[in-house]
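Hi everyone, thanks for coming.

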Amino acid sequence: MEYRHLGRSGLKISEIAYGNWITHGSQVAEDAAKACVAAALDEGITTFDTADVYAGTKAEEVLGRALRGIRRGSVEIFTKVYWPTGSGANDRGLSRKHIVESANASLKRLQTDYLDMYQAHRYDHETPLAETMRAFDDLVRQGKALYIGVSEWRAEEIAAALRIADEMGLDRIVSNQPQYNMIWRVIESEVVPLSEKEGIGQIVWSPIAQGALTGKYLPGGVLPAGSRATDSRGAFFITEYMTDDILRRVQNLRPVADEAGLTMSQLAVAWTLQNRGVAAAIVGASRPEQIRENAKAAGVRLDEAALAKIDEILGSAIVRDPALTASPRSRD
Ligand SMILES: NC(=O)c1ccc[n+]([C@@H]2O[C@H](COP(=O)([O-])OP(=O)(O)OC[C@H]3O[C@@H](n4cnc5c(N)ncnc54)[C@H](OP(=O)(O)O)[C@@H]3O)[C@@H](O)[C@H]2O)c1
């Protein structure tokens, strides 16, 4: 494994992180979840990403149990706040009330005294940004969160948060967590240039397009048993990648992976890691073999010819519009 600074912060994270969305507490049984975490640790992965909302708060509990007994200083635990964790009007969003309550609940579920990274899962259009930034800063002063970050925020939203932090003398955002992979490249034109200037690292999600870039889904083919596309919740999220056009183009990436001596999923993860501003790729895995395979993308460099070939093969399937980074207008 290789380790990188998160943005301009002093924090080092494993360039491949393990995230438990869709899997822990839902698609994957507890024993398999624990085996995935154990395999991740064994591969040198130290950075673990979850969220209060995953599996209706159960994912944090599973991660807490899976990391029990591990020396706290040897791992970085990242979680998030924004999406609803209950039915109440204040069980969501980035108000001071919900941030404080959700952080305390996450600490309990994760069985830890502090979060290494606390992230705003989306931008909250209903809460003054200064209220959110002050609440995050309070958590940092209290030692409950060591660093703060955001997820799926637009460049102008990140810029506004930095301005407020600087004016009010508050802790600055050091990371952004956007979707980023060979197909979904919407951060490249605005978010990445701003982040590079401001010292913010990208920890990118769905680097394998939820499994679509492994090549295991064939256009018009039978869905592999136990895969995300067959999961009651996962199927909804992976749909955007399951078009015949995308799946056909993905099959054509196989010779590029072979030439580089990589599996398809390793090619996908390695691609994200060598793009500008990326600090880590957060991979998912429903089985330990997957995390072991994906972790081997660490340290891989793809040559210019391979990068050009990937662009040529994916062609018009590549999505670049920065306007597609958007948080809900209302949190209800
Ligand atoms: N901030 C946000 O809004 C946000 C949103 C989504 C995700 N995330 C974070 O990003 C993490 C990763 O997202 P993701 O799970 O979509 O990432 P991903 O790495 O693109 O997809 C992971 C899924 O692909 C399949 N897979 C992975 N490796 C494979 C392999 N070697 N061979 C075959 N299949 C393989 C597995 O699903 P199956 O085995 O079930 O097919 C696995 O669960 C999440 O856990 C979460 O921490 C954040």
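Helices here are DSSP runs of H or I with at least four residues, strands are E runs of at least two, and both are numbered from the N terminus. Before going on: this is a predicted model, where local features need pLDDT of at least 70, side-chain atom pairs count only at pLDDT 80 or more, and totals for chains, interfaces and linings use all residues. Residues are numbered from 1 along each chain as its sequence is written, and side-chain values use heavy atoms, with hydrogens and water left out.

Now the polar contacts, meaning pairs of N or O atoms within 3.5 Å. Lys216 places a polar side-chain atom 2.6 Å from a ligand oxygen, and Arg228 has a side-chain N or O atom 2.8 Å from an oxygen of the ligand. The protein buries 96% of the 910 Å² that the ligand exposes when taken alone (Shrake-Rupley, 1.4 Å probe).

Last stop, helix H1. Buried here means under 20% relative accessible area, and exposed over 50%, with a 1.4 Å probe and protein chains only. Ala33, Cys36, Val37, Ala39 and Ala40 are buried. Down the axis of H1, the buried residues fall within an arc of 160° (taken from the directions from the axis to the C-beta atoms), so they line one face. On the other side, Asp31 and Asp42 are exposed.

Technical notes:
Polar contact = N/O pair within 3.5 Å; in protein donor to acceptor, adjacent residues only side chain to side chain.
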